[in-house]
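Welcome! Take a moment to look over the sequence and the 3D view before reading on.

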Amino acid sequence: MCVCNATYCDAVGIEGGGLLFTYFNAFVTSRSGLRLDRQLGQFDDQVVPNPYMFELGNTTKQTILGFGGAFTDAATITMNSLSADARENLIKSYFDQNGIEYTIGRIPMASCDFSERIYSYDDNDGDLDLTKFSLAKEDLQYKIPAIKDAMIFSKRNISLFGSPWSSPYWMKTNGNMTGKGQIKGEPGGEYFKAWANYFVKFIQAYEQNGLKIWGLTAQNEPIDGLIDGFSFQCLGWTPELQRDFIAKDLGPALEANGLGHVKLMILDDQRALLPYWAETVLENELAAKYVSGIAVHWYEDLIIPVSALDLTYEKFGQDYFILNTEACEQDLVNRNRSVQLGNWYRAERYFTDILQDLDHGVSGWVDWNMALNMDGGPNWENNKADSPIIVNAETDEFYKQPMFYAMGHWSKFIRPASKVISHNSNLQSNSDLKALFFERPDGSIAANFVNINAVETFNITITDYKVPGYLNYEVAPKSLITFIWYRI
């Protein structure tokens, strides 16, 4: 880890400008202690007899949207527990040129479990016209100031998208923001119209506070609200119900209020629900015309075959992007032990999951809370988790974990508008070495490698038909590497 405070925080290496096409940058993170350390290398004139060969192709695939994290109540309250200078260093770590330069921010629409209390933006029973809609103190005192500071420090555009956990209690069939329940009535009815207008009001309220909303997900984890006894904020949807809500209520409400440009995403749940969920919504022309993307979460990725992404991308990838919108590590047995400072495996799992997603049609990856306290909260429901940055308010310092640097290999170097580019290799599918290549907007190439083996060094050779020579390199055990080079 890196220990940061009000006066010190490490700077992530910046790419060397004007690299000649015979040189490359290598940014290395390792269990042995390297943290995005920059190395300069040169393409060799001849092939070294390395056993692992990679040859760049010329076919590009999906376009990258970006990488980022969530401005939750918990994250932004935790940021504010630091002194002003330490808080600034934390936000810069994510968004500044000397940080990992996030370009996507997720905003929970009102409360979620990572809040200190349960609230909506209109807790007034029966206010179907939403005349009393208003942002909460959590937005005005924590989330919006943090987002504005991020934008001040960032040299890149930050795309913001909102996600709801629950409607106000009085719109929901069980009369409670927590637990199993759906919107009252049917799509096209007064409660569904009011719920659609809630999205519009959210966007307008944030714009009135100087923040433009790029996108929305129609519902966070819609299956949760169909589960008996689910303990925190949720709202239940089937794909058929979401389809009809978008077609009859949400899509028309956005269009009627001049918000048709907002990127609406469906699902926002586990990939086990694909491709059926996408087929149900997107094969309906009335709903599909309002939709831009498909949002997925990572929590079942270890057990759900990646073929779910392949089938979805093959069928819909030309017209709709796929974005991973939530991920975090937890101790599922004892949530009070969820924070594991310095855990290398969690960084490795982040990196390999991102690589797998992007290798199968996903266009970006958004982490969950950007910062949490030493207990993995605050979380009113005790659903504690780990985070790439953990804050110790008592000592006025924060800890940048291996997960932070794993995220940085993607967010800093695989810039928005990059494209996945084809390659050939002699790796076996079960190899401990994995790789993915990208063509960046300026024409340069980035390649991300991971070696999960604890003892073996992988000697690799990369050939690019647009670069004379060969990139020969020793990929050390338990390491993450980003290569960058320029073509002729």
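This is a predicted model: local features need pLDDT of at least 70, side-chain atom pairs count only at pLDDT 80 or more; totals for chains, interfaces and linings use all residues.

Residues are numbered from 1 along each chain as its sequence is written, and side-chain values use heavy atoms, leaving out hydrogens and water.

**Helix α9**

Let's begin with α9, residues 344-358. Helices (H or I, at least four residues) and strands (E, at least two) are DSSP runs, numbered from the N terminus. The 15 residues of α9 reach 22 Å from first C-alpha to last, close to the 21 Å expected at 1.5 Å a residue (the expected span is 1.5 Å times one less than the number of residues). Because 12 of its 15 residues are buried, α9 is largely enclosed by the rest of the structure. Buried means under 20% relative accessible area, exposed over 50%, and partly exposed in between, with a 1.4 Å probe and protein chains only. Among the buried residues are Trp 344, Tyr 350 and Asp 357. At the N-terminal end, Asn 343 caps α9, with a side-chain oxygen 3.0 Å from the backbone nitrogen of Tyr 345.

**Charged pairs**

Side chains of opposite charge can pair when their charged atoms come close. A salt bridge here is a side-chain nitrogen of Lys or Arg within 4 Å of a carboxyl oxygen of Asp or Glu, and the count comes to 27. Here are three of these pairs.

| Pair | N to O distance |
|---|---|
| Lys 92 and Glu 88 | 3.0 Å |
| Asp 357 and Arg 271 | 3.5 Å |
| Arg 415 and Asp 442 | 3.9 Å |

Lys 92 and Glu 88 both sit in helix α2, 4 residues apart, about one turn of the helix. Lys 92 is partly exposed at 27% relative accessible area, and Glu 88 is partly exposed at 31%. Asp 357 and Arg 271, by contrast, are both buried. As for Arg 415 and Asp 442, both belong to one network with Glu 15 and Arg 440, joined by salt bridges that share partners.

Which buried residue has no salt bridge? Asp 96 is one: the nearest side chain of opposite charge, Lys 92, is 5.3 Å away. Asp 96 lies in the loop between α2 and β6, and a polar atom of the Asp 96 side chain is 2.9 Å from the backbone nitrogen of Asn 98.

Finally, Met 374 lies in the loop between β13 and β14. Met 374 is partly exposed, with a relative accessible area of 36%.

Methods:
A polar contact is a pair of N or O atoms within 3.5 Å; within protein, one must be able to donate a hydrogen and the other to accept it, and residues adjacent in sequence count only if both atoms are side-chain atoms. Lys and Arg count as positive and Asp and Glu as negative; His and the chain ends are not counted.
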